[in-house]
Amino acid sequence: MNPKDNNETTGDLAKHTPMMRQYLALKAQHPHTLLFYRMGDFYELFYEDAEKAARLLDITLTTRGQSAGVPVRMAGVPFHSLEPYLARLVKMGESAVICEQIGDPATSKGPVERAVARIVTPGTLTDASLVDDKEDIWLLAVTTLRNTAGIARLNLASGEFILIEVAAEQIPATLERIRPAEILHPESWTPNFGLDAARTRQPDWYFDVDSARRLLCEQFAVASLAGFGAEGLKPAIAAAGALLQYAQATQSGKLPHLRGLTVEMESAYLGLDLATRRNLELTETLRGQPSPTLFSLLDNCVTSMGSRLLRHTLHHPLRDRAVPAARHGAVAALLDDVGRLAGEVRKALRGIADIERIAGRIALRNARPRDLASLRESLLRLPELRAPLAGTISDLLTRTFAELDAPAAALDLLVRAIAAEPGAQVRDGGVIAPGFDADLDELRSLNDNCGAFLVDMEARERERTGIASLKVEYNKVHGFYIEVTHANVGKIPDDYRRRQTLKNAERYITPELKAFEDKALLAQERSLAREKLLYEQILDALLPVVPMLQTIARAVAQLDLLAGFAELALKRNWCQPEFVAETRLAVVGGRHPVVENELANQAETFIANDCLLTDERRLLLITGPNMGGKSTYMRQVALIALLAHIGSYVPADHCALGPLDRIFTRIGASDDLASGRSTFMVEMTEAAAILHHATAQSLVLMDEIGRGTSTFDGMALAFAILRHLVEKNRSLTLFATHYFELTRLAHEYTELANVHLGAVEHNDRIIFMHAVEEGPANQSYGIQVAALAGIPPTVVRAARKQLREFEQRAAVDPLQPDLFAQGAPEPEAEEPPPHPAVERLAVLDPDSLTPREALDALYALKDLLR
């Protein structure tokens, strides 16, 4: 709080009003978080919180009354509109404390008792109205010990609690893979994660290893963490302890669905660094848009659980090929009989709600009545979902079939207890089904019979008094009453007692009507209280089956993912990839899935291409014109390998893959202004990471390395990097370049093969063939591409003329260092005798010399000089 607020709120509390003393006591427990304080039909914010909320939420800031002699600044939102405002705050990375009235205003002496009901932070969201149903919400904590980073992450909805340790330099790449919603870190540390996520500083002692170990053992009721394989992971344990303490604080200490830890190994996944995830546009385009991406193309999942699993799988392709191979087998089984099985599964999935998040809300005791109704309907549909899987030949589908068994007792309880269409909130009533509880039915009957009682009494009173216009009615302000016009007041019996005088009538109450009123109003109050009690008991009864519900949720998500893969393969003619033991990446008729889809939307056809990399052919040197399709070709090979490793069919006619450990990409670059790095520096940093970490089982994509500096510097770097990849890394590599000089290396290295994407000229225009062919390209077509881009014709003509001059000079003097030098003076010193290669080149006629002859002569000379 600012100094002004300190004076207003931390002075002599005795001078404040009782209500403000209550507020200030609660605010002192959460000094850095917006506190929404329930007052009647509004949630109010005060002082600095009010100013901040007014600015962020565009709500009215006002000043009302005084406390401790100072005007109270306040802002508020209606209680029924709270959730949209919370959603806006969370998107801004803000947290909020929700304080509810827990006392009865009618019986309270002084201010109504209030208490914190929940704390909403970006990483602890579980409310359906606040979260993206297709994206997991991860709360993550990170700390370091020497050069090792300990990272713990928690998904409150599913109960997943995962630890991992990585080198400190790998923190940004690991966070990019996980994409947490909120990051906790020690307050003494100011890290640069390079990720747009909410950050919450925690006291350093939260990350104490011994305290963290005790807290974790207490949560999981174990003597040590050895059973989870985590006992020796000190940095990860420290992060996990801080994470658990924060989660318990936000959820009032109750996390019964957290039953264990999972230790994750980075080596379990096919490695994808930051640049690769960005360049392959897995879930976000290079411009930061959600579409068109690989995820947007693949996401035909019926349930939100399936979509979340798909997103997770894309960022976590497995290195061990057993799981993706099992998925391939399951997809093949679902495709049997022209996809009939997949169609039946997808049809049955349409009635299933988000069981995973409902189970999480049950565990956290914030499940709403309609959550339980949706859970009931989903469990009732499981037999229909299981039916197509009976007798399947896929082991994975057989296991899924077994996991889709609904808990009978829990389902029976939901069927008997929850109304067919329950109210939105327990406080609204209408949640518990008729016939479930006799006491509740009796209380409800009093309310339900009110109308009949009033009609009966009205008839009896008209007969008793002889007043034909007499009415017996009810309103919320005055309760039950008998209304008589002024003309008939003389006919009223002695037991009528005046309740209200109107312009044309009098309203009365009788002892009989008063007794019924007391009973009816009390019955309504007791009915709502009874429903609340019964609802809490239902949540208690469902708590033990939360693990089973989580298992069902995982099975549904898996089946949804597989059925989606099957439909996509059938619709787009994708093939089942084959995993082989030897070094091999063979693709026949491969396509880029996203580009192919975009072209199909424009009624255009994608040109399929082959790719072959083996132990004897490890590097393809790709040449060809700009816009010829080099980058698309490289990306499609990487995407095909990635799709195979997540268990999907692939966009090709045939695909065989040997072992892979990582995929690296160095495709395109831009300035990193925030870090003060130029385009060329970004390019070299990414190249350095590849040269340091790529292995013989890595797939490497390099596009136009060295283009960000001078021609000779760039060419020299490209030569050296290419040699290093062939000689040292021995990775499976696709290397695209405009330095045609590099194509000569195919004579030096048998592992290197030249391929190119061709183009033809027609009427001074260029037509791209987009087909990959063996051998090097013969020219770049850069000027033709410039003309296509709209460069003025005069500039294009001047460029053509200048190019001819450059080519002539290169033919006459291939060693001239500066092609732009004009009229350079002859050297005064005596020149040494020319090399024979120069003499041979000098006698050639430049006008009749072919580009191939000039290039061969140039390389012969360079080799001799070297």
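Me: Where does Pro292 sit in this predicted model?

Reply: Pro292 lies in the loop between helix H8 (274-279) and helix H9 (294-298).

Me: What kind of peptide bond joins Ser291 and Pro292?

Reply: Start with the general idea. Most peptide bonds are trans. Now the case here. The bond between Ser291 and Pro292 is cis, with omega about 0 degrees.

Me: Next, helices. What span should helix H24 have?

Reply: Count 1.5 Å a residue. Helix H24 (residues 679-693) has 15 residues, so it should span 21 Å. The C-alpha atoms at its ends are 22 Å apart, which agrees.

Me: Which residues of H24 are buried, and what do they pack against?

Reply: Val682, Glu683, Met684, Glu686, Ala687 and Ile690 are buried in H24. The buried residues of this helix pack against H8, strand E23 (662-666), strand E24 (698-703) and H25.

Me: Now rings. How many aromatic pairs are there?

Reply: To count as a pair, ring centres must lie within 6.5 Å. By that rule there are eleven aromatic pairs. Take Trp205 and Tyr206. Their ring centres are 4.5 Å apart and their planes stand at 70 degrees, so this pair is edge-to-face. Trp205 is exposed, at 57% relative accessibility. Tyr206 is buried, with a relative accessible area of 17%.

Me: What about the rings of Tyr496 and Tyr508?

Reply: Their centres are 5.7 Å apart. The planes meet at 50 degrees, so the pair is tilted. This pair links distant parts of the chain, twelve residues apart. Tyr496 is in the loop between strand E15 (479-485) and strand E16 (497-501), while Tyr508 is in strand E17 (residues 505-509). Tyr496 is buried, with a relative accessible area of 5%. Tyr508 is buried as well, at 1% relative accessibility.

Me: Which residues form an aromatic cluster?

Reply: Phe453, Tyr474, Phe480 and Phe516 form one.

Me: Where do I find a charge over a ring?

Reply: Look at Arg311. Its charged end sits over the ring of Phe295, 4.3 Å from the ring's centre. Arg507 is another case. Arg507 lies over the face of Tyr481, at 4.2 Å from the ring centre.

Me: Last, strands. Do E18 and E22 pair in the parallel or the antiparallel sense?

Reply: Pairing is read from bridges. Strand E18 (residues 578-579) and strand E22 (residues 654-657) are parallel, over two bridges. Glu578 has Ala656 in E22 as its bridge partner.

Me: In what sense do E19 and E22 pair?

Reply: Strand E19 (residues 584-590) pairs with E22 in the antiparallel sense, over four bridges. To find the place in the structure, look for Leu585, which stands opposite Leu657 in E22.

Conventions: Residues numbered from 1 in each chain as written. Predicted model: local features only at pLDDT ≥ 70, side-chain atom pairs only at ≥ 80, totals over all residues. Heavy atoms only, no water. Expected span 1.5 Å × (residues − 1). Buried < 20%, exposed > 50% of the residue type's maximum accessible area, 1.4 Å probe, protein only. Contact = heavy atoms within 4.5 Å. Phe/Tyr/Trp six-rings, centres within 6.5 Å; stacked < 30°, edge-to-face > 60°. Lys NZ or Arg CZ within 6 Å of the ring centre and 35° of its normal. Pairing = 2+ DSSP bridges.
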